[in-house]
Amino acid sequence: METIALSRRDLLRASLSAGGGLIVALQLPGCASLPQGMEANSLRPNAWLEVTPDNRVILTLDRVEMGQGTYTGMCTLLAEELDVDPAAIEVVFAPVDSAYEQPDFGLQITGGSTSLSSNWVRLREAGAMGRAMLVAAAAQVWNAPASSIITEHGACRLREGGPSLSYGELAELAARQPAPTNITLKSPEDYRYIGKFNQRLDASLKSFGQADFGIDVQLPDMLYAVMARPPAAGGSVRALDDREARNMPGVAAVIQVPRGVAVVADKYWRARQARDKLKIEWDAGELGALDTASVFDLYRQTLATQSGDTVRSEGDVERALASTSARVTGEYRAPFLAHATMEPQNCTVWFRDGRCDVWAPTQGPDVARAVARRECGLSAADIHIRTTFIGGGFGRRLSQDFVGEAVSIAQHFDRPVKLIWSREEDIQHDLFRPASLHRLTAALSPGGEALAWTHDIAAPRVIDHYVREAAGAVAPTWAPQAMVRMAAGVAKMVTPDQSAYEGAEDIPYAIPHIRVRHMKADAGVPISYWRSVGHSFNAFVVESFIDELAHHARQDPVAYREGLLRDHPRHLRVLRAAAQKAGWNGPLASGRAHGVACHKSFGTYVAQIAEVSVESDAIRVHRVVCAVDCGLAVNPDTVIAQMQGGVIFGLTAALYGEITHTQGAVRQSNFHDYPVLRMNETPIIDVVLVGGDAAPTGVGEPGTPPIAPAVANAVFRLTGRRLRDLPLRLKT
């Protein structure tokens with residue numbers, strides 16, 4: 001039997017085709033119009049670049065900027081081949097268009113730490129294409145061969161002191177040149193900006209309040225909306241008394257929408273005050289009795305009764321386990337987590353003249369359009385998504401529930417309406433990182449050699465919760481919504497999803513007998529992608545359990561890993577670089593210990609060593625050394641910042657992160673009971689770049705997974721206590 005690996009998009013396509021032969025339409029080249037240039041006589045050689053006659057160079061950014069550095073990285077790639085200072089490039093955010101789809105996902109989404117890697121070639125080609133057409137125009141002006149013309153600092157010049165023309169002066173003539181059919185990109189030794197440019201181009205905009213986030217959108221005569229939602233997800237209104245709220249000053253309307261009750265007023269605070277006057281009786285829905293213990297009871301039952309999907313099988317695990325009595329077992333647990341972005345969810349919508357304009361801090365504008373279409377029924381061509389700067393994404397804004405709510409509310413008005421979630425709503429009604437339960441067994445030889453490894457994972461599939469929106473985005477714009485819903489149902493059954501076991505099924509350690517299984521267990525809690533997705537918990541489990549094996553083998557944790565990573569040089573390189581920088585096994589202050597973890601995610605290799613102390617059962621992390629191999633660092637300072645941010649984000653989750661439920665409702669509500677790491681708790685973070693000239697890989701997420709196991713392993717060296725549950729707690 002031949003096994004064919006299909007992408008999520010392939011299977012969504014297949015599912016849609018099963019519903020009515022839509023696959024033909026889906027495979028047609030995108031026929032939506034490209035964004036219009038700002039000047040009629042501009043050079044626009046492709047979807048990303050525009051050079052105007054008044055000498056402006058404009059990049060249409062096809063990924064969102066949410067703090068991860070795409071704004072700067074994309075400018076650097078374009079600038080390198082165009083021979084323009086990156087700081088001289090203007091940036092506009094891309095509209096919805098098939099030209100801007102992420103090639104691996106088939107959706108116009110920003111996620112998976114792929115923005116730079118997916119644009120590594122095509123944005124440089126975009127710049128090189130523009131440069132070639134400008135050179136051709138200059139050659140025509142000077143009646144000279146193109147080979148006699150050089151480019152630098154946004155201008156063409158004849159060699160040896162000849163005349164020069166700015167790109168703007170050449171733009172109109174260049175636009176009439178044929179597009180080159182062969183493009184040669186620069187060699188690394190000729191890079192002027194890649195690997196060297198360390199300026200952060202959005203820093204000034206954000207420092208001086210000039211960057212427009214979604215929450216900053218202001219429109220004339222705008223109304224403000226807030227929502228009352230049922231305590232448990234999936235609940236509904238049984239009875240509503242809104243008389244007092246409707247009579248309050250400034251209140252424009254109280255509206256029942258699919259997810260609750262919306263209050264719309266002329267001011268945000270007035271809407272909040274009126275919402276507090278609503279008298280609502282809720283039907284709890286299917287999750288009304290859910291609590292955290294019942295979720296893990298379901299997981300344990302699933303592990304005990306299901307065989308699940310075997311996602312990796314090598315050797316003969318059962319025989320290897322039977323060959324020795326030296327076994328190690330462990331059960332690990334990871335909780336639900338909220339995203340807790342600094343900018344809470346918000347969206348502004350304006351219906352006018354038969355069209356719908358949506359201003360949204362979204363990681364998926366095409367998915368946002370599909371959701372808006374589902375809510376209002378307009379054609380895709382009449383819905384215009386305007387992406388803004390984003391105050392933190394971490395995967396939260398891949399889901400478009402906040403867009404759907406805003407569209408559902410705003411269609412009742414002929415004025416713009418901004419929906420704003422409070423911090424409490426953002427945490428309690430998030431779509432969470434899935435909780436998971438893990439059982440592992442390993443067999444060791446009498447000498448401590450690892451012979452066998454089994455890892456069973458009970459967790460839901462994120463795609464089951466996401467596919468309805470995604471199906472709407474990949475369906476043809478004319479597809480009836482009923483057909484989209486049907487296709488989404490089919491896709492839930494067949495679409496592969498590695499999120500539960502990524503980082504567990506591809507462990508690099510040289511163990512001859514390995515079996516990894518995923519048992520799908522879904523309690524129904526709304527879930528979504530969270531920074532580093534399955535790697536966020538599987539790295540904790542795998543790297544903690546490897547540490548357990550090293551302990552039972554009576555070997556040094558770093559040396560033990562080195563022996564098992566003998567066939568993986570890039571893992572070894574980051575591991576040794578981190579150990580050397582941290583002074584592994586060197587002298588430390590009294591009461592401190594090192595812990596180590598090494599993990600590959602999103603194509604990037606990261607090793608971290610945490611220096612930890614324990615005082616009165618409180619875990620304190622003093623220093624983290626993070627060695628990273630992400631190939632060529634296009635902007636080294638951005639890579640360092642992303643590693644530092646990933647460590648802080650992961651350390652927050654490791655020490656504090658936990659969402660719990662009682663009778664379907666989330667117990668946590670704000671930073672007092674769902675804290676983020678404070679500045680005085682943040683360790684020194686030393687980042688060591690060890691990448692070479694390989695094509696760059698992702699950096700937005702790989703810094704997060706190793707920190708929890710590194711800290712847990714340090715705690716074990718200090719206390720002898722193996723912490724197998726997240727968050728890490730010494731008090732029970």
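Predicted model: local features only at pLDDT ≥ 70, side-chain atom pairs only at ≥ 80, totals over all residues.
1. Residues are numbered from 1 along each chain as its sequence is written, and side-chain values use heavy atoms, with hydrogens and water left out.

2. Just past the end of H21, Gly720 has a positive phi of about 80 degrees.

3. How much of H21 is buried? The count is 10 of 13 residues, so the helix is largely enclosed by the rest of the structure (buried is under 20% relative accessible area, exposed over 50%, partly exposed in between, with a 1.4 Å probe and protein chains only). The buried residues run from Ile707 through to Phe716, with Pro709 and Asn713 among them. They pack against helices H17, H18 and H20 and strands E21, E22 and E23.

4. Take H17 next. H17 and H21 pack at about 30 degrees with axes 8 Å apart (axes are lines fitted to C-alpha atoms, for helices over the stretch in contact, and angles run from 0 to 180 degrees between N-to-C directions). The two are therefore roughly parallel (under 35 degrees; over 145 is roughly antiparallel, 65 to 115 roughly perpendicular, the rest oblique). On the H17 side, Phe540, Glu543 and His551 are among the residues that meet an H21 set including Pro709, Asn713 and Phe716 (contact means heavy atoms within 4.5 Å). The residues of this contact split into 6 nonpolar, 3 polar and 2 charged (Ala, Val, Leu, Ile, Met, Phe, Trp, Tyr, Cys and Pro are nonpolar; Asp, Glu, Lys and Arg charged; the others, Gly among them, polar).

5. H20 also packs on H21, at about 55 degrees with axes 8 Å apart. That makes H20 oblique to H21. Val647, Gly650, Leu651 and Ala654 of H20 meet Ile707, Ala708 and Val711 of H21.

6. Finally, Ser669 sits in the loop between strands E25 and E26. Ser669 is buried at 15% relative accessible area. Beyond neighbours within four places in sequence, Ser669 contacts Arg423, Glu424, Ile427 and Gln428.

Conventions: Helix = DSSP H or I, 4+ residues; strand = E, 2+ residues; numbered from the N terminus.
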